[in-house]
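Please look over the sequence and the model before reading the notes.

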Amino acid sequence: MRTNVLITGASSCLGAGMARIFAGNGHSLALAARRTDRLEALKAEILAANPEVDVRTYALDVTDHGQVFEVFAAAARDLGGLDRVVVNAGLGKGGRIGSGRFEANLETALTNVVAALAQCEAAMEHFYERNAGHLVVISSVSAMRGMPGAISAYAATKAGVAHLAEGIRSDLLKRKGHDIKATTLFPGYIASEMNEGVEQEIRLMVDTETGCKAMVKAIDREVAEAAVPPWPWAPLSQVMKHAPLSVLRRMV
Ligand SMILES: NC(=O)c1ccc[n+]([C@@H]2O[C@H](COP(=O)([O-])OP(=O)(O)OC[C@H]3O[C@@H](n4cnc5c(N)ncnc54)[C@H](OP(=O)(O)O)[C@@H]3O)[C@@H](O)[C@H]2O)c1
């Protein structure tokens, strides 16, 4: 079992939901985010339900790249090594390209791509030293194609991190005699703070717990890639990849 799991963006919906499930399955946890009051509340809740589990919390702004390396090293020291890192922290801000919302799109790009790069670097350095570990990158089904309007930049960031993880898998193919894996998850619509009030998504949205269960199931299988929940997102993501752009526009 990948015993010690670090999750970024653990203060909110999907990160917190995965943490609860991992703790229930006996994993020790390093939980990182900016809102440490939420992390402390989550830690107390997890320990009440699973007193035997080791839970550590860390204040982390992933866009502070030095802090990413420091927190990952501190968590590795505190837990006695990291077996799995879930690069989950993300931002969904944005506006149609050219609509004057550059600052929002930039913030999303810096959080979802550049900061994810820092997290992948820190995790992979640690895994290469140990010759073992599991990197999990949270992309999105919106990464399948270019997306219109307010999610253009967001979708591009999620395509970026998916390619980053695939590049890492390609490196791992060449390396012999290790137990390092890299997984990319493509979540569909899962209820969270990020998509609160986004009306067109509601018909396909699952609740947070259902979504997190599907995510953890795919993570534990250590597959290269998975759309989650698999239904309807595994077939739908294939349709998204091949649909004419005019059809795709109406699907999202
Ligand atoms: N929900 C969905 O339908 C869906 C679908 C596809 C992909 N995803 C992806 O799933 C991941 C989790 O999203 P969510 O739905 O759970 O959204 P959420 O409820 O808004 O949570 C986002 C998390 O990211 C953290 N975060 C944001 N900026 C950060 C920063 N600069 N430094 C550190 N942490 C930061 C937040 O923590 P703090 O604010 O406390 O720092 C929070 O814990 C994201 O990568 C998102 O893109 C979600």
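Arginine 2 is buried at 9% relative accessibility, where buried means under 20% relative accessible area, exposed over 50% and partly exposed in between, computed with a 1.4 Å probe and protein chains only. The model is predicted, so local features need pLDDT of at least 70 and side-chain atom pairs count only at pLDDT 80 or more, while totals for chains, interfaces and linings use all residues. Residues are numbered from 1 along each chain as its sequence is written, and side-chain values use heavy atoms, with hydrogens and water left out.

**Arginine 2 and its surroundings**

- Arginine 2 sits in the segment before β1 (4–8); helices (H or I, at least four residues) and strands (E, at least two) are DSSP runs numbered from the N terminus.
- The side chain of arginine 2 makes a polar contact of 2.8 Å with the side chain of glutamate 222. A polar contact is a pair of N or O atoms within 3.5 Å; within protein, one must be able to donate a hydrogen and the other to accept it, and residues adjacent in sequence count only if both atoms are side-chain atoms.
- A polar atom of the arginine 2 side chain also lies 3.1 Å from the backbone oxygen of aspartate 179.
- Not counting residues up to four places away in sequence, arginine 2 touches several residues, including His27, Asp83, Gly133 and Lys181; contact means heavy atoms within 4.5 Å.

**Glycine 133**

- Glycine 133 belongs to strand β5 (residues 132–138) and counts as buried at 1% relative accessibility.
- Apart from neighbours within four places in sequence, the contacts of glycine 133 are Arg2, Asp83, Phe127, Asp179, Ile180 and Lys181.

**Backbone geometry**

- Most residues other than glycine have a negative phi, and most peptide bonds are trans.
- Glutamate 222, in the loop between α6 (208–221) and β7, has a positive phi near 55° and is buried at 17% relative accessible area.
- Asparagine 131, in the loop between α4 (102–130) and β5, has a positive phi of about 60° and is partly exposed at 29%.
- The peptide bond from valine 228 to proline 229 is cis, with omega near -15°; proline 229 is in the loop between β7 (225–228) and α7 (230–242).
- The peptide bond from tryptophan 231 to proline 232 is also cis, with omega near 5°, and proline 232 is in helix α7.

**Ligand site**

- Among the 30 residues around the ligand, Ser11, Ser12, Arg34, Tyr154 and Ser192 come nearest; a residue is near a molecule or strand if one of its heavy atoms lies within 4 Å of it.
- Oxygen atoms of the ligand lie 2.5 Å from a side-chain N or O atom of serine 12, 2.6 Å from a polar side-chain atom of tyrosine 154 and 2.9 Å from a side-chain N or O atom of lysine 158.
- The protein covers 95% of the 880 Å² of accessible area that the ligand has on its own; areas come from the Shrake-Rupley method with a 1.4 Å probe, and for residues only the protein chains shown count as cover.

**Whole chain**

- The chain has 8 helices and 7 strands.
- Of its 252 residues, 49% count as buried.
- The C-alpha trace spans about 50 × 40 × 35 Å along its principal axes.
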